[in-house]
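Hi everyone, thanks for coming. I'd like to walk you through one structure today, so please have a look at it first.

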Amino acid sequence: MATDTLIGAGFTDPVFQSQAAFRALLVALSEPGTPQAVSGGVAPPEGLHAATATTLLTLADYETPIWLPTALRDGPAGAWLRFHCGAALVEEPRRAAFAVIDGAAPAPRLTDFDPGSDQFPDRSTTIIVQCAAFHGGGTVTLAGPGIATRRDIAPAGLRPGFWAEVAGNNAAYPLGVDLLLAHADGVIGLPRSTQIGKAA
Amino acid sequence: MTVHQTLPGDETSPAYNYAYLDEQTKRMIRRALLKAVAVPGYQVPFGSREMPLARGWGTGGIQVTAAIIGPQDTLKVIDQGADDTTNAVSIRRFFQRTAGVATTEATMDATIIQTRHRIPETPLTEGQILVYQVPIPEPLRFLEPRETETRKMHELEEYGLMHVKLYEDIARHGQIATSYAYPVKVEGHYVMDPSPIPKFDNPKLSGNPATQLFGAGREQRIYALPPWTDVVSLDFDDHPFETSKAPHDCDLCGAKDSYLDEVITDDEGGRMFVCSDTDFCAGRRAEGHEGRLGGDQKSSKTFANSFEGIWPATAGAR
């Protein structure tokens, strides 16, 4: 049997690995801009960072449709998520509860995903943005709930205009998508409530 | 994906999943919690489960705690500030049995504090999580019973009715008479019910370094305040928000600035005022502070619950 048709392992200890990963995600989204390690020792399928794979194992199931770029959806990542999470993989970004995008790719835009509705802003997409690194990019300054004064981050490998999109997302508050920047086994939370400014 | 664990003393039969809830339920609650911290003050609907205690006894708080707790956590549970009342004792024991966590009564040692109707006097620190048990999460519910309407009011930020209610307080009583569950506005948007904490505690909601999670089991709502969130108690320019407490010092530890319970001590009008927060009071007494009746009492709530407190002169007759 060819090894490329095999689906890799998920959590070895789902209860405690998902609990630990969730706590890291809770801190990530309640203290935006702080890098959090979510690695549960999961070997991710090709195309997903460990943090992306662990986050989806922790949060996604048959109730949460996932959007992936076509190449990932048709590859081992799609099969891995279908098998371990039991989640539907959807083609339309707007139907997704979770989405994985490449931070450098020009499409899809953040506005292509579901921002929730006026009465139910919680029904919006959570987007995992896979990026090249958490430092070395242009510095942006964050402010808002979860941040005492100001916090600077400089993730690299994001498309031009990405921060304008994030600022636009914040402008629609309380509607909007929530972002998790993912690299290797780390995540940085950027909920819709976070205001984006260029570093002074 | 269900992983069974065995009850202590029974190594053969599988009992419940870790922390009682099944993994699918935990995922659902965790997703709701993440949306709740992303939109502070907004009430996220969730599929509240049957718990092994009656709704209204803290099922919302228990489900939130069960979804976040892990073996590395240290849990503290308080009911009206006290660690040793029935609700607090049974919830603490529930998590000892189902999650095997360490428990504590010391506010500063806890990583998760589940609370009913108080915020501890000892300031919370970064990394701590405060889980509130909430009876009625909708601050507008007694003004507008229809959920479809209150949803719209939150959507449109139409909170005039709440100000009318506070104004009627002033018209009738000369001041804002609402003394607990005092409505707050979060980050300039959602009006939120802080659960029935005394308004004495309202200033601690804002800019708190701890994460505050609110669970309403019967009403199936979860909401949250991330650390350093701006929370403003509603008021008027000419009637600004004021905290209130009994104008006394604690009779056990002498604290001047803590929230007090009034305890009736006999049938001749005798009474004492004691800290509602038992850990705070005990900590101060251990440091040597002493109030009017300081001396030999163990804890404020033990005193309140004991008959010797109510009928000290008739101890021999019992």
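This is a predicted model: local features need pLDDT of at least 70, side-chain atom pairs count only at pLDDT 80 or more; totals for chains, interfaces and linings use all residues.

Residues are numbered from 1 along each chain as its sequence is written, chains are lettered from A and ligands numbered from 1 in the order in which they are written, and side-chain values use heavy atoms, with hydrogens and water left out.

Let's begin where the two chains meet. Taking contact as heavy atoms within 4.5 Å, 43 residues of chain B touch 40 residues of chain A. The two chains bury about 3,500 Å² between them, and 62% of that is on carbon and sulfur atoms. Buried area here is the accessible area, with a 1.4 Å probe, that two parts lose on being put together, summed over both. Arg31(B), Leu34(B) and Lys35(B) supply 19% of what chain B buries against chain A, more than any other three residues.

Now the polar side of that interface. Across it there are 20 residue pairs in polar contact, both residues at pLDDT 80 or more. A polar contact is a pair of N or O atoms within 3.5 Å; within protein, one must be able to donate a hydrogen and the other to accept it, and residues adjacent in sequence count only if both atoms are side-chain atoms.

Which elements of chain B supply at least two residues each to the side that touches chain A? They are α1 (23-38), β3 (44-45), α2 (59-68), α4 (147-155) and β10 (211-216). Helices (H or I, at least four residues) and strands (E, at least two) are DSSP runs, numbered from the N terminus. The largest share, twelve residues, comes from α1(B). By class, this side of chain B has 24 nonpolar, seven polar and twelve charged residues.

On to salt bridges. Side chains of opposite charge can pair when their charged atoms come close. The rule asks for a side-chain nitrogen of Lys or Arg within 4 Å of a carboxyl oxygen of Asp or Glu. That gives 24 salt bridges over all chains, with five between chain B and chain A.

One that I like joins Arg31(B) to Glu63(A), with the closest N and O atoms 2.7 Å apart. The pair crosses between chains, from helix α1 of chain B to the loop between α2 (50-59) and β2 (66-67) of chain A. Is Arg31(B) buried or exposed? Arg31(B) is buried, at 13% relative accessible area, whereas Glu63(A) is partly exposed at 41%. The cut-offs are under 20% for buried, over 50% for exposed and partly exposed in between, with a 1.4 Å probe and protein chains only. Asp61(A), Glu63(A), Arg27(B) and Arg31(B) are linked in a network of salt bridges. Asp73(B) and Arg23(A) also meet in a salt bridge, at 2.7 Å from N to O.

Chain B has salt bridges of its own too, including Arg118(B) with Glu121(B) at 2.8 Å, where both residues are buried. Arg146(B) and Glu144(B) pair at 3.0 Å; Arg146(B) is partly exposed at 48%, and Glu144(B) is buried at 12%.

Over in chain A, take a look at Arg192(A), in the loop between β9 (186-190) and β10 (195-198). Arg192(A) is buried, with a relative accessible area of 0%. What does its side chain reach at 2.9 Å? That is the backbone oxygen of Pro174(A), and a polar contact of 2.8 Å joins the side chains of Arg192(A) and Asp178(A).

Now the cysteines. How many disulfides are there over all chains? The count is zero, with a disulfide taken as a pair of cysteine sulfur atoms within 2.5 Å. Cys275(B) is buried at 0%.

Last stop: Thr59(B), in helix α2 of chain B, is buried at 3%. Thanks, and I'm happy to take questions.

Methods
Ala, Val, Leu, Ile, Met, Phe, Trp, Tyr, Cys and Pro count as nonpolar, Asp, Glu, Lys and Arg as charged, and the others, Gly among them, as polar.
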